[in-house]
Amino acid sequence: MTGDAEARTATVPEEAAPADLAAAGPTTGGPTDGVDADGPGRRGPGTGLLALGVVLGLLLGLAAGLLAPGLFRPGNDSPEAGFARDMSTHHAQAVEMSILAHEKTSDPDVRTLAADIALTQQAQIGTMQTWLKTWGLSPTSSQPRMAWMPDGAGAVKDGLMPGMATDAERAQLRAATGRDFDILFLRLMRDHHLGGIHMAQGVIELTDDEQVTALAQSMVNGQKKEIELINSLLIRLGAQ
Amino acid sequence: MSISTSGGEQRRPSVVSTGKKAPAGDKPAADKATGGKATGTKPAAKTASGARVPAGRTGGKKPQQRRPVTPVKVSHGRSWGNIAIFVAVGILAAGIIGYGAYAVIQNGRSWEDKAAAIDGIVNYRETDPSAVDPLPGKESHEPGPQTYKVNPPVGSTHNNAWQNCMGDVYDAPIANEHAVHSLEHGAVWITYRPDLPADQVEKLAEKVRGNEYMLMSPFENLDRPISLQAWGYQLKVDNADDSRIDEFIEALRVNASVEPGATCSGGITATGTTPRDNVPGDQTMPQGS
């Protein structure tokens, strides 16, 4: 009891402490009476407090359970959300060029590659757009392009993310025909893939979200393989 | 003994009031001989809490009967620490819940709400659905020129082919019949009066270039220098620096699509206000224009 009292006194604010100590001094022996009184007294209200604590704890748990998904899923300015938005845009241009190639080329290998890229990347756009919906986020944002990536904003030129074809290059591609078209498409797509791989590797470094890492890694792997194929096709076409 | 006990009785309530600062510190004092002094003075000042027990159970003559009484007060005095903890936990919990709710609500704010909050925006989906629904007697997709109720149009009947909206910046007017189809796919179409200063045109172009579901073109006979269109929505502003332009784009680009997932590539890239549907080879071949 004495120890208890002293321990508590130690936590008392300064103003109150001296008086308490002085009062406690002469009575160190403390009547057993008081001890007895404390015992039963603590249990009654203690049970109430315990119940209160349990209820409070349950409410806290409930609230946390309801809100945690909202707090712990990627936020509006997160790398995951930025990646999903920006890679969707990046992919959209690859789809545009590949659909064009599928329509215009007369080279079966180029046509197959174009179909592969267009269908794969359009599917991946769907996946990323679904993430944003699941996370309760808009597919649009006031964040600048690539802002989620360290030094990312500096990689944006004329509003274009790394590897993206310029308006002039897109117009050139639309106008090109035959072997010239095939070579231009393959070169533009190789640059596009290099930029895309850079972005995918960027998010892999930043995220611990498994599905984001998995898709980004599949982009890196798939596009690296496609770059090898593009290089071999360019060699066959007598270009590089 | 009875004195000290009663002292404890009344002294402790006094502890309750001072207890905020020194919950347990006074206890020893209460149990001691000093209680005698306190009994005389402090209880009087703190009758509020002290009075409860004496009032109800003063009749108790035996010390044993008083004991159950005393604990009630004692526990009150000692529970302040616990109460403080619970209050702290409660405040913390309220903070967490409050922040969580705020975050969820902010994230969950719908694009419709964001659009509605833009000053001056017109939501034709609500105010005039006839500007969005198919023209009288026509399907949603019809070949050839169409006459629109709103200028520039924000919806209604359009051609099968859409205008390419892969961040395309067109330097000449385009066909409404294709642009409206782009809106249907979720594009935001920025139109500007041909006399808009070049630096402002460039500022608008920077918002478009590189962004799919965006397109831009000059437009004759606009009543304001700049007009933005999404499916069913329109906002007219006077200056390219107007912050509502970005708000409009953020709220409605992609979101306003009535065909989610529909793309912007594969559309007509040629300019000219005459619709080009069913012109072989024209959809992606600018040299054919």
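This is a predicted model: local features need pLDDT of at least 70, side-chain atom pairs count only at pLDDT 80 or more; totals for chains, interfaces and linings use all residues.

Modeller: Residues are numbered from 1 along each chain as its sequence is written, and chains are lettered from A and ligands numbered from 1 in the order in which they are written.

Biologist: How many helices and strands does chain A have?

Modeller: Helices (H or I, at least four residues) and strands (E, at least two) are DSSP runs, numbered from the N terminus. Chain A has eight helices and zero strands, and its pattern along the sequence reads α-α-α-α-α-α-α-α.

Biologist: How do the axes of helix 4 and helix 7 of chain A cross?

Modeller: Two packed helices are described by the angle between their axes and the distance between the axes. Axes are lines fitted to C-alpha atoms, for helices over the stretch in contact, with angles from 0 to 180 degrees between N-to-C directions. Here, the axes of helix 4 (residues 79–104) and helix 7 (residues 178–206) of chain A come within 10 Å and cross at roughly 165 degrees. Helix 4 of chain A is therefore roughly antiparallel to helix 7 of chain A (angles over 145 degrees count as such).

Biologist: Which residues of helix 4 and helix 7 of chain A meet?

Modeller: Residues are in contact if their C-beta atoms, placed from the backbone, lie within 7 Å. Among those that meet are A:Phe83, A:His90 and A:Met97 in helix 4 of chain A, and A:Phe185, A:His192 and A:Met199 in helix 7 of chain A. By class, this contact of helix 4 with helix 7 of chain A has 13 nonpolar, four polar and three charged residues (Ala, Val, Leu, Ile, Met, Phe, Trp, Tyr, Cys and Pro count as nonpolar, Asp, Glu, Lys and Arg as charged, and the others, Gly among them, as polar).

Biologist: Is A:Arg190 buried or exposed?

Modeller: A residue is buried if 20 or more other C-beta atoms lie within 10 Å of its own, exposed if 12 or fewer, and partly exposed in between. A:Arg190, which is found in helix 7 of chain A, is buried because 20 other C-beta atoms lie within 10 Å. Leaving aside neighbours within four places in sequence, A:Arg190 is in contact with A:Ile227 and A:Ile230; the C-alpha atoms of A:Arg190 and A:Ile230, 40 residues apart along the chain, are separated by 6.9 Å. Of the 240 residues of chain A, 35% count as buried.

Key. Angles under 35 degrees count as roughly parallel, over 145 as roughly antiparallel, 65 to 115 as roughly perpendicular and the rest as oblique. Two residues are in contact if their C-beta atoms, placed from the backbone, lie within 7 Å.
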